[in-house]
Amino acid sequence: MMKNLKTFLGVAVLAAFLTSAVQSDGTITKEGKTTIVNTTTIGKNIEGYAGPTPVKIYIENNKVVKIETLRTPDGPKYVARAKKVFEGFIGLPVKKAKKAKVDAVTGATYTSDALIQNVRKGLEYYEKNK
């Protein structure tokens, strides 16, 4: 009986640890009624011209309200130009935003393609983990 109780407690502690580890990885955070998805970890293999292009996606009432670029080695001139792709996602419900047809920006194609991929990856992650 005591052995079964120890085994049960060990499994319960492990399950609690794994649950908290997944929930506290920083990918999804809350600020009031806003959910924020950070693609630094989940999109680490999505690269623009010079490297990773992570974003933060702000979601309220299941709609995309804001997107920010995070630190990237892509040049500021290209990032500023590429951020225009965010306009294709802002204001849309998450489900529609995931499927929105957004074109890359000429002159910053690699960077804008990577930003689009990161937004889509973040929205998919949000739907699975909200």
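1. Thr111 is buried, at a relative accessible area of 3%, where buried stands for under 20%, exposed for over 50% and partly exposed for what lies in between, computed with a 1.4 Å probe on protein chains only. The residue belongs to helix H4 (residues 109-129); helices here are DSSP runs of H or I with at least four residues, strands are runs of E with at least two, and both are numbered from the N terminus.

2. This is a predicted model, in which local features need pLDDT of at least 70 and side-chain atom pairs count only at pLDDT 80 or more, whereas totals for chains, interfaces and linings use all residues. Residues are numbered from 1 along each chain as its sequence is written, and side-chain values use heavy atoms, with hydrogens and water left out.

3. The surroundings of Thr111 include a polar contact between its side chain and that of Asp74, at 2.5 Å; such a contact is a pair of N or O atoms within 3.5 Å, for which, within protein, one atom must be able to donate a hydrogen and the other to accept it, and residues adjacent in sequence count only if both atoms are side-chain atoms. Leaving aside residues up to four places away in sequence, Thr111 touches Gly48, Tyr49, Asp74, Tyr78, Val79 and Ala82, contact meaning heavy atoms within 4.5 Å.

4. Four strands make up an open antiparallel sheet in the order S1-S2-S3-S4, with pairing taken to require at least two DSSP bridges between two strands. At the edges are S1 (28-31) and S4 (63-69), each of which pairs on one side only, and the twist from one strand to the next averages 25°. Helix H4 packs on this sheet, touching S1, S2, S3 (55-60) and S4, and its direction makes about 45° with that of S3; axes are lines fitted to C-alpha atoms, for helices over the stretch in contact, and angles between N-to-C directions run from 0 to 180 degrees.

5. Which residues form the aromatic pair, and how is it arranged? Tyr49 and Tyr110 form a tilted pair, 6.1 Å centre to centre with 35° between the planes, under a rule by which rings of Phe, Tyr and Trp (its six-membered ring) pair if their centres lie within 6.5 Å, planes under 30 degrees apart counting as stacked, over 60 as edge-to-face and the rest as tilted. Tyr49 lies in the loop between S2 and S3 and Tyr110 in H4, so the pair ties together parts that are 61 residues apart in sequence.
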